[in-house]
Amino acid sequence: MKYKEKIATEIIRMIEQDLCSISEICKSFKISRKTFYEWKKEKPGFKEAVEEAIDHREEVMIASARIGLKQLLEGYVQKKEKITYIPDKNDPVNDVEKCRMVEKKFCPPSIRAIKYVLDREERKKDKDRLLASERRPLVIEVQDEETRRQLMILQENGFRPGGSLNAEVVASVDKKLEEELKTKSEERKVENGQEQTEQGQVMEQPPAAPVEKPKVNLYPFLPPGYTSRTD
């Protein structure tokens, strides 16, 4: 069937309002499901509109579910109306309202709904804890170098057994250990050289020269160039 804009608009409206399933919609417009999906494939605008309608429908359903769940958690008031009709004196064919009674009933919170929310929150916490433990790096402390070497072989072999029998894996690990040992040795030499240099600088420092104190003028009242007779 040829694509028609009017039919496409009605299909999108029915999807958004959640009136019928796709099969029922296609049947009401006398088109096949194959035609519907061909339109989605060939018409990008129709496909985008259908997806937006489905998203809007899901949002409305979720909002309604949240409202219903909120009422079950908090409790709600249920109203019930009872209307009594009597024949109309002036028009016996029709009836008129005689009285209207409104009954209100408070429905308490649902224990099942509360338990559902609490269980869901607990499952969420368990999932978050599991994800956090998976993200945390694995730290293994070893007491000797040979155990560390065997762990490195296991890691180099992709945590699969038999790595110690693979000559390439063992050679790669031994090379890493040799480079690591060489780096530590060079760092130790540099540190020792710096310590010796600092100690030599401390030992080579000459003793501090004595500071000569200025002479105190015992006769500050005399003019410059004059001295007392006792000097």
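Which residues of the largest nonpolar core touch the most other members? In this predicted model, they are I11, I15, F36, W39, F46 and V50, out of the 14 residues that make up the core. Helices α1, α2, α3 and α4 each give two or more residues to this core, and α1 supplies the largest share, with 6 residues. Here is a quick tour of the chain around it.

**Overall layout**
- The protein chain holds 7 helices and 2 strands, and from the N terminus on its elements follow the order α-α-α-α-β-β-α-α-α.
- Of the 231 residues in the protein chain, 13% are buried.
- The accessible surface of the protein chain is about 20500 Å², with 54% of that belonging to carbon and sulfur atoms.
- If you look at contacts between residues at least 6 apart in sequence, 43% of them join residues at least 24 apart.

- Helix α3 spans residues 33–42, and its buried residues are T35, F36, W39 and K40.
- These four sit on the same side of α3, because they cover an arc of only 140 degrees around the axis.
- As a reminder, an α-helix has 3.6 residues a turn, so residues three or four places apart point the same way.
- Turn to the other side of α3 and you will find K34, K41 and E42 exposed.
- The cover over the buried residues of α3 includes α1 (5–16), α2 (22–28) and α4 (44–74).

- V50, one of the core residues that touch the most other members, is in contact with I12, I15, F36 and K40, leaving aside its neighbours within four places in sequence.
- R57 is found in helix α4, and its relative accessibility of 18% is under the 20% limit, so R57 counts as buried.
- Not counting residues up to four places away in sequence, R57 touches I15, E16 and D18.

**A separate core**
- In soluble globular proteins, nonpolar side chains tend to be buried together.

**A nonpolar patch on the surface**
- I111, I114 and L118 make a nonpolar surface patch of about 300 Å².
- L118 is found in helix α5, which runs over residues 111–135.
- With a relative accessible area of 55%, L118 is over the 50% limit and so counts as exposed.

Definitions and conventions: Residues are numbered from 1 along each chain as its sequence is written. This is a predicted model: local features need pLDDT of at least 70, side-chain atom pairs count only at pLDDT 80 or more; totals for chains, interfaces and linings use all residues. Side-chain values use heavy atoms; hydrogens and water are left out. Buried means under 20% relative accessible area, exposed over 50%, partly exposed in between (1.4 Å probe, protein chains only). The arc is that of the directions from the helix axis to the C-beta atoms. Contact means heavy atoms within 4.5 Å. Patches are made of residues with over 30% relative accessible area and no salt bridge: like charges are joined within 9 Å, nonpolar side chains (Val, Leu, Ile, Met, Phe, Trp, Tyr) within 5 Å. Accessible areas come from the Shrake-Rupley method with a 1.4 Å probe; for residues, only the protein chains shown count as cover. A salt bridge is a side-chain nitrogen of Lys or Arg within 4 Å of a carboxyl oxygen of Asp or Glu. A nonpolar core is a set of buried Ala, Val, Leu, Ile, Met, Phe, Trp, Tyr and Cys residues joined through side-chain atoms within 4.5 Å.
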